[in-house]
Amino acid sequence: MGNIDTWVTVDDRHIYRARVDLSDRWNGWLSPRLTIDAVRELARHTQEMDERYDEIRVIESESGPVVLHIRWQFLEDGPSDSVTVEAPDADGLYSIGAWEWTWYQIKDGPLFHTQNEARDAWADVLARSGRRIGEILRTQLPNADMCRIALSDGLGRIVQIYGAPDGYGTYGALWSADDDTPFDPATLTQAEEVLNRALDHGQDPILLEISGWHRALRIDRPDLHQIAFAPADCEPAGDGPLNEAHAKATETRRKLLAETTPYLIHDIRADYPNAAGVVVDPTADQPFLALLDDDGDPEEKPTKKVAERLAQMFFYRPTADDMAACGWSSAPLDLDGGHVLTFPAQ
């Protein structure tokens, strides 16, 4: 297959320029060769980690850089087993973690950082929403420690509220919608408004999980999730931090949309050189509506690659305002819900 220059990552957070042979794999993982500048970046990142297992250090000297690979987990076995000197190959590149680390390719390069930024911003919205829901419900049930929510059709509904666990770790039910237990409807409505505003742009199971919205582990009810509230003695956060998190999520969502657009245009033109634009409905499960040719008429459907790019762009279900802010215009009335992006001249 030969060597290509691309981007790689090993921690899902940082990317590095590297030369790789995509056919040379260890358990499916790549063995990249890094430039010394990429090694310096990697060294800085490994030294920033809270828990160090493998650390890279670059010692600058008059005769050139010396790269050390320190494996702290083997330190008790002695220096010969825990520290190695990484020498450059004939191309001046360093094979750090080759046939050892779980390196994989990132095709879109710096867009990777924007994707992570958007994910983290939305996870923050979910986490802060969970805390705010707890604060609201505790105005009526001070002992509330957790609530169970049902997610369906893009919406969420609070179905149970639980008190602090007993000595056996069992939560006591304080309120249940199934039992028609009395509860202030205005408070419940306020909490569910926070809940559904957090779900406006999707219900990705991974984002829900890392934000503290855990599955209730009911085989008969896969839609049920649980949110554990912040400790009762925490100072109330109120709506301020949550509104700031929503604003940040909007900003990063638009940034992702804008930065992905050139990739979308490139992907479409690679398959359809005469394409002059694209019409999409970002709220649909399958967001594509039509490609436009030079005469402005709809063309055939996009390839799988283009469809995947569109799904990536609209992962957080952008609003009409988001689309307009990023250069998309409303589609004609016969394409209800659609938005048009006209491509620049080649």
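Q115 is partly exposed, with a relative accessible area of 23%; in this scheme buried means under 20% relative accessible area, exposed over 50%, and partly exposed in between (1.4 Å probe, protein chains only). This residue belongs to helix α3, where helices (H or I, at least four residues) and strands (E, at least two) are DSSP runs numbered from the N terminus. The structure is a predicted model, in which local features need pLDDT of at least 70 and side-chain atom pairs count only at pLDDT 80 or more, while totals for chains, interfaces and linings use all residues. Residues are numbered from 1 along each chain as its sequence is written, and side-chain values use heavy atoms, with hydrogens and water left out.

Although Q115 and T252 are 137 residues apart in sequence, their C-alpha atoms are 8.5 Å apart in space.

The largest pocket has a volume of about 750 Å³, a volume being the space filled by probe spheres set on grid points that are joined across faces, edges and corners. At least two lining residues come from each of β9 (104-106), α3 (111-138), α5 (205-210), α6 (239-271) and α7 (304-313). By type, the lining has 9 nonpolar, 4 polar and 9 charged residues. In this count Ala, Val, Leu, Ile, Met, Phe, Trp, Tyr, Cys and Pro are nonpolar, Asp, Glu, Lys and Arg are charged, and the others, Gly among them, are polar.

Charged side chains also pair with one another. The structure holds 22 salt bridges, each defined as a side-chain nitrogen of Lys or Arg within 4 Å of a carboxyl oxygen of Asp or Glu. In one of them, the side chains of R40 and E60 meet at 2.8 Å, N to O. R40 lies in helix α1 (residues 36-48) and E60 in the loop between β6 and β7 (66-71), so this pair ties together parts that are 20 residues apart in sequence. Both partners are partly exposed, R40 at 32% relative accessible area and E60 at 48%.

Another salt bridge joins R119 and D120, with 3.3 Å from N to O. R119 is partly exposed at 26%, and so is D120 at 33%. A further bridge links D239 with R132, whose closest N and O atoms are 2.8 Å apart. Since D239 lies in helix α6 and R132 in helix α3, the pair ties together parts that are 107 residues apart in sequence. D239 is partly exposed at 37% relative accessibility, whereas R132 is buried at 13%. Salt bridges that share partners join R131, R132, E135 and D239 into one network.

On the surface, I59, V66 and V85 form a nonpolar patch with about 240 Å² of accessible area together. Such patches are made of residues with over 30% relative accessible area and no salt bridge, with like charges joined within 9 Å and nonpolar side chains (Val, Leu, Ile, Met, Phe, Trp, Tyr) within 5 Å. The areas come from the Shrake-Rupley method with a 1.4 Å probe, and for residues only the protein chains shown count as cover. I59 sits in strand β6 (residues 54-59) and is partly exposed at 43% relative accessibility.

The backbone has points of interest too. Most residues other than glycine have a negative phi, and most peptide bonds are trans. D12, however, is not a glycine and has a positive phi of about 65 degrees. D12 is found in the loop between β1 (3-9) and β2 (16-21) and is partly exposed at 39%. R317 likewise has a positive phi, near 45 degrees. R317 lies in the loop between α7 and α8 (320-325), partly exposed at 31%.

Technical notes
1 Å grid on protein atoms, 1.4 Å probe; cavity = no way out; pocket = protein on both sides within 12 Å on 5 of 7 lines; lining within 4 Å.
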